[in-house]
Structure formats: C-alpha cells, structure tokens
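Morning, everyone. I have one structure to go through today, and I will keep it brief.

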Amino acid sequence: MAGPSCKSAVSFSLFKRTLLVSPRSEAVAPRFVFSGGRLAERGALKGRRAARPALLQVAGSYRHPVFLCFSCQESMSESLRTCYGYLNQTSRSFAAVIQALDGELRHAVCIFYLVLRALDTVEDDMSIPLDKKVLMLHNFNSYLFQPDWRFSESQEKDRQVLEDFPTISLEFQNLGKDYQDVISDICHRMGVGMAEFLEKKVVSMQEWDKYCHYVAGLVGIGLSRLFSASQLEDPEVGRDTELANSMGLFLQKTNIIRDYLEDQKEGREFWPREAWSQFTARLCDFAQPQQLDSALCCLNLLVTDALRHVPDVLTYLSRLRNQSVFNFCAIPQVMAIATLSACYNNPLVFQGVVKIRKGQAVTLMMEATNMVAVCAIISQYNQEIVQKVSPTDPSREKTLKILALIHKQILSWEPLPPRTARLSPVYLSAALLLAALSWRYLSTATGQSANVNDVQGH
C-alpha cells in the first residue's frame with residue numbers, strides 16, 4: 001500500500017519484490033514492497049535483486065532530508081532520531097509519506113519499515129550462504145527480542161540497519177504491544193515466504209498471487225493492522241486481510257507488468273510462466289518486433305489480472321476515516337491505475353519505459369485526497385482502457401467484464417460521513433510537499449535515464 005509512494009509501492013508497495021534468474025538456480029528472489037514496490041520509478045538495480053524505489057528522492061546536497069518538524073525531533077529519544085535517520089537513508093520514496101502520518105502511528109510504521117528493510121537486506125545479500133540465509137529469514141522476527149543481536153557481515157548498501165539492529169529493536173520494544181505483535185508476525189511470515197521463493201520459480205498464476213502476497217500483500221495486511229491498532233481507523237480495516245492483501249497485489253503486479261524490459265535487461269523474469277507460455281516459448285522473445293502481437297496478448301492478460309483487484313481497492317479506501325492514512329494509501333493506487341492504463345495494449349512496454357507524465361503524476365498526488373476524487377480518477381482510466389480493448393484480443397471478454405464491474409461499483413458508491421468536516425491545513429501542506437518532492441524526483445530521474453528509451457504514457 002504502500003505511503004503514497006508514486007511508484008512502487010509506499011504504502012502498500014512501499015515494500016518490495018523480485019523474481020530472478022540466478023546463476024545458481026532459476027529461482028525467484030522476493031521483492032519487498034515496503035521498499036515501495038516500484039510504482040512511479042525504479043532506481044538502479046544491483047546483482048539479482050530489484051532496486052528499491054526512489055520516488056521522492058530529492059536532488060542536491062540534501063539527499064536524505066528529515067521532514068519531521070523540529071519540535072517533534074526534540075521530543076524524540078536519541079535512538080528514535082537515529083531510526084528516522086535510517087529511514088531517510090534507506091527509503092527515499094517512503095520517508096516523507098511515513099512522516100506525514102498522524103501521532104504514534106508514524107513511529108510504528110517507521111519501525112515496521114526498518115525491520116522489513118533489514119529482513120530484505122539479508123535476503124538481498126548474495127554473500128550469505130544459502131543455508132545460513134534461510135535460517136536467518138525464518139528466525140528474523142526473534143531478533144527483535146534479542147537486544148544485542150546484530151549482523152556485521154553484510155556487504156549490502158543498506159547494511160547499517162543490520163549493523164545497528166539493536167537501535168531498531170530497542171525502539172521496537174518501546175512500541176505498544178499491539179504494534180509489536182503486528183510487526184513481529186508480519187516479519188516472520190514474510191521471512192518464511194522469502195525463504196520459500198529463494199530457489200523457486202513462479203510458474204502458475206496462483207503462484208504469482210502467492211509470491212506477490214509474500215512481498216506486498218503482507219505489507220498491506222501489516223499496515224492495515226497498524227492503522228487499526230492506532231485507533232485512527234476502525235477495527236474492520238485491520239481484520240479484513242483479503243482487502244488489504246489486494247491493495248498490495250495491485251501495486252506489485254503493476255510494477256512487474258510495467259518493468260518487463262528493464263527486468264529482461266537485468267536478467268530477471270517476473271511475468272508468470274502460465275501467462276507467457278500461452279504465446280511464446282521464451283519470455284525474452286517478446287522484445288522482438290516479430291513477436292509484438294503475442295507480446296500484447298500476454299500484456300493485456302496480465303493487466304486484466306491486475307485489474308481484478310481494483311474493486312477491493314475501492315472498498316478498502318472507502319473504509320478509511322483518517323486523512324493522513326487515506327493519503328498514504330490512495331496515492332499509490334491511483335498512480336497504479338494510471339500506469340496500467342498507459343501500459344495496456346501498448347507496444348512501448350517492450351521497447352522502453354512507459355511512464356505517466358510528470359504533471360500527471362503531481363496532479364494525481366494533489367487530487368487523490370478523498371473518495372469522490374479517487375473514484376473520478378479510477379473511472380477516467382477505467383474508460384481509457386475500455387477504449388483500447390481490441391476486438392481480437394483473447395482476453396477481451398474478461399477485460400471488459402472486470403472494467404464493467406469497476407464502473408458499476410463506482411456508480412453505486414455512497415460516501416461515509418467523515419470524522420472531520422474539513423481538511424486540516426497540515427494535510428494540505430503535506431500534499432504540497434509531496435507534490436514538490438515528486439516533481440524534483442521525476443525531473444532528476446528523467447535526467448538519469450538518458451540511456452533508456454523512455455516513453456510517456458498517454
């Protein structure tokens with residue numbers, strides 16, 4: 001769901017992902033969405049692992065700014081300030097949106113992020129022997145209750161979260177028990193899932209859902225439970241794991257669909273074999289011009305599969321009552337539907353990087369602050385996809401059916417009474433800040449991708 005990360009997935013995609021073809025096996029390396037999923041933009045990747053999104057990266061000397069107000073910083077312990085420093089260092093996409101959350105929820109989500117970032121760093125580190133890594137992934141949640149545990153052998157860029165894990169575990173212990181229970185549980189389940197997919201390929205569509213659940217759905221479930229534990233959201237938000245899982249899957253699948261060519265160039269395969277094997281013998285062949293018709297058929301099939309999560313996304317967002325939580329969750333989702341619309345039946349997915357326009361991204365971030373606006377945005381892109389559906393596309397009937405279902409749900413939606421009558425200026429300021437930072441990032445990212453055939457989506 002990932003805070004509104006324009007990309008990948010804060011919020012629910014705030015965490016990350018990865019299916020890889022590794023020299024030691026044709027395995028899939030999990031991607032952890034907290035590192036945002038890859039919705040708006042993705043940074044450079046290293047080795048077999050997918051890079052973490054850099055959606056709100058700020059150009060210039062202040063690369064990792066701290067957005068908390070000075071009074072908030074002064075009231076924090078030294079160890080908590082250190083944690084926020086690590087947050088800003090390791091999550092250029094998620095730092096701002098986490099720090100826009102209300103009250104104690106902000107601290108809980110910060111620690112949740114850092115714990116999963118540490119877990120993800122272990123999974124990423126190819127210098128750790130496989131048997132040792134599997135053991136660490138299975139037991140990682142137990143390290144939260146071992147005050148002196150740290151790991152000093154990592155070679156990864158974000159190794160500081162492992163080397164100074166005692167600081168993170170200390171602040172974990174300072175959280176309320178309800179928060180601790182959520183973080184520990186999700187950490188354990190994600191670690192087990194990562195270990196499962198270390199040497200396992202995603203073949204079936206069912207396995208694709210399972211993989212996306214481990215690396216993104218669990219993040220959505222964990223965040224939802226934290227929202228409810230904070231009492232900023234009703235208990236049903238945390239209890240309905242099916243909806244929360246869909247929030248994560250929608251972002252994750254969008255990332256995987258959009259990044260076909262980039263992943264191919266890096267030697268990774270994320271599209272499920274059950275889908276692409278209907279149209280080609282090798283996934284890499286979709287990049288060949290003579291395979292375009294088959295490539296588009298597979299692309300449209302996967303977009304249709306991702307769209308089936310939109311009704312759950314709408315239901316989930318309609319239940320949110322706190323403005324900061326709503327912004328955190330809604331922005332990535334509208335960015336995702338815009339991205340899917342740009343990708344659908346688009347040959348450029350196999351030739352370059354399909355992006356939504358800079359101004360379009362900023363407009364979405366500024367507007368997606370209430371359900372009326374979100375419904376209007378999703379309806380717009382829903383209709384755009386309808387107009388692109390080819391009469392000869394094999395998935396045509398399924399695509400039109402899910403688009404009609406989304407349209408019907410939007411028309412039947414009735415707003416729930418808000419807890420507050422109007423938006424606080426604090427939230428409006430946060431939205432402006434996010435838009436400004438996103439504009440800076442998107443401008444920087446454009447300059448950094450000079451070697452890529454970037455294509456704007458329409």
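Predicted model: local features only at pLDDT ≥ 70, side-chain atom pairs only at ≥ 80, totals over all residues.

The protein has 458 residues, and 61% of them count as buried. Its secondary structure amounts to 20 helices and two strands. The accessible surface is about 17400 Å², and carbon and sulfur atoms account for 53% of that.

Now the helix pair. Two packed helices are described by the angle between their axes and the distance between the axes. Here the pair is α2, residues 78-90, and α4, residues 103-124. Their axes come within 10 Å and cross at roughly 60 degrees. The crossing of α2 past α4 is left-handed.

Which residues make the contact? From α2 they are Leu-80, Cys-83, Tyr-84, Tyr-86, Leu-87 and Thr-90. On the α4 side, the contact is made by Arg-106, His-107, Cys-110, Ile-111, Tyr-113, Leu-114 and Arg-117. By type, the residues of this contact are nine nonpolar, two polar and two charged.

Last, one residue. Val-372 sits in helix α18, which covers residues 371-388. Is Val-372 buried or exposed? Its relative accessibility is 56%, so Val-372 counts as exposed, the cut-off being over 50%. Between Val-372 and Ile-410 there are 9.3 Å in space, C-alpha to C-alpha, and the two are 38 residues apart in sequence.

How values were computed:
Residues numbered from 1 in each chain as written. Heavy atoms only, no water. Helix = DSSP H or I, 4+ residues; strand = E, 2+ residues; numbered from the N terminus. Buried < 20%, exposed > 50% of the residue type's maximum accessible area, 1.4 Å probe, protein only. Areas by Shrake-Rupley, 256 points an atom, 1.4 Å probe, with all protein chains shown as cover. Axes fitted to C-alpha atoms, helices over the stretch in contact; angles between N-to-C directions. Left-handed = near helix turned anticlockwise from the far one by under 90°. Contact = heavy atoms within 4.5 Å. Nonpolar A, V, L, I, M, F, W, Y, C, P; charged D, E, K, R; others polar.
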